[in-house]
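Hi,

Here is the structure I promised to send over. Have a look at it first, and then read my notes below.

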Amino acid sequence: MDTGRVIGALSYCTTRESIADTFDKFEVKELSQKIEYLNQCMGADETFFSGGDELNEEVKYELTLQMFELGEWR
């Protein structure tokens, strides 16, 4: 998978629907990979979660998605 193309496509996304469509287009299925791509697009090594490692992947993805949607990283 071409990471640069995925991140480039994500950089144009502003809604959950467009993010989901991008992941579908590039066949990104794993939540951990989605989190990684969103973080890379936002220029972050990783997302800090105050809940620590106790959070499951679904919660981490939701929180990362919310930060991405806010768009303050743009």
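How many aromatic pairs does the count come to by this rule: rings of Phe, Tyr and Trp (its six-membered ring) pair if their centres lie within 6.5 Å? The count comes to one aromatic pair. The partners are Phe68 and Trp73, at 4.8 Å centre to centre with 35° between the planes, which makes the pair tilted (planes under 30 degrees apart count as stacked, over 60 as edge-to-face and the rest as tilted). Phe68 is buried at 1% relative accessible area, whereas Trp73 is partly exposed at 23%. Here buried means under 20% relative accessible area, exposed over 50%, and partly exposed in between (1.4 Å probe, protein chains only).

Before I go on, some housekeeping. This is a predicted model, where local features need pLDDT of at least 70 and side-chain atom pairs count only at pLDDT 80 or more, while totals for chains, interfaces and linings use all residues. Residues are numbered from 1 along each chain as its sequence is written, and side-chain values use heavy atoms, with hydrogens and water left out.

Helices are DSSP runs (H or I, at least four residues), numbered from the N terminus.

Which residues does Leu38 touch, leaving out those up to four places away in sequence? They are Leu10, Ile19, Phe23, Tyr61, Thr64, Leu65 and Phe68, with contact meaning heavy atoms within 4.5 Å.

Not counting residues up to four places away in sequence, Tyr61 touches Ile19, Phe23, Leu31, Lys34, Ile35 and Leu38. Tyr61 and Leu31 are 30 residues apart in sequence, yet 6.4 Å apart in space, C-alpha to C-alpha. The charged end of Lys34 sits over the Tyr61 ring, 5.7 Å from its centre (the rule is NZ of Lys or CZ of Arg within 6 Å of the ring centre and within 35 degrees of the ring normal).

Also in H4 is Leu63, which is partly exposed at 31% relative accessibility.

Cheers

Technical notes:
Helices (H or I, at least four residues) and strands (E, at least two) are DSSP runs, numbered from the N terminus.
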